Amino acid sequence: MSPMKCSATAQVQGHGPSGSNRGPAPAGRSVFVAVAVTGGIVMGALGAGTASAAPTSAPDSARAAPGRAAHTGFPTVGARRARYVRHIIRTVNIARVHHGCAPLRFNKALQKAAQRHSADMEQRGFFDHVNPDGAEPEDRITAVGYEWTASGENIASGQATPSAVMRTWMSSPGHRGNILDCDFQELGVGVEFGAGGPWWTQNFGSRG
């Protein structure tokens, strides 16, 4: 079995000229954390954090609601993906409310960017925030029309279920920091299935 992986990045941009909301300004801070995990255990030392403990996850939606296709007896990819996305968004928002943050709103543009990145990692065989063409997370969300002032991205691969990937992310300070960042307002989630996967992406954002 191939090792499970996860990685997180966050970017907060400075404001452009007064009255302008379009496009990220070059100034800002960025944080990049890469954590490899094997067998569901985060490898390496984790710094002590002040965030509240992760809530106990509900059973995976895929088990609770099979959603079987009419003739094959197996869930369709689209239905399975939709259940996984809903499960992750629900679990993220439970954790945020527990931490004292407002729930994140689902955003279609962030969803498109996240799904494209998950599919790209599967199709081109890489695992990184920067794709082989050099596009970074903020480039991808800008390309789908999201006019952001702050953004973050969590990625992971190899975790079989939404609960498993959320446990991985919540066990890592960088990923947990994105999930529990009260400044983020919106979220999109991507998941792509395939040998060695699934490939997971969370894109967080704030506007204006």
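**Entry 1: the disulfide**

I began with the link of C101 and C182, which is left-handed, with -70° about the S-S bond. C101 lies in the loop between helix 2 (77-99) and strand 4 (105-106), and C182 in the loop between helix 6 (173-179) and strand 6 (186-192), so the pair ties together parts that are 81 residues apart in sequence. I noted that helices (H or I, at least four residues) and strands (E, at least two) are DSSP runs, numbered from the N terminus. The S to S distance of this disulfide is 1.8 Å; a disulfide here is a pair of cysteine sulfur atoms within 2.5 Å. I found 1 disulfide in the structure.

**A note on the model**

I kept in mind that this is a predicted model, where local features need pLDDT of at least 70, side-chain atom pairs count only at pLDDT 80 or more, and totals for chains, interfaces and linings use all residues. Residues are numbered from 1 along each chain as its sequence is written, and side-chain values use heavy atoms, with hydrogens and water left out.

**Entry 2: buried or exposed?**

I looked up C101 and read 5% relative accessibility, so C101 counts as buried (under 20% relative accessible area; exposed is over 50%, partly exposed in between, with a 1.4 Å probe and protein chains only). C182, at 43%, counts as partly exposed.

**Entry 3: strand 5**

How many residues of strand 5 (residues 150-157) are buried? I found 8 of the 8, so strand 5 is largely enclosed by the rest of the structure. A150, G152, N154 and A156 point one way, S151, E153, I155 and S157 the other. Strand 5 runs antiparallel to strand 7 (residues 199-206), joined by 8 bridges (strands pair if DSSP finds at least two bridges between them). I traced A150 to its bridge partner in strand 7, S206.
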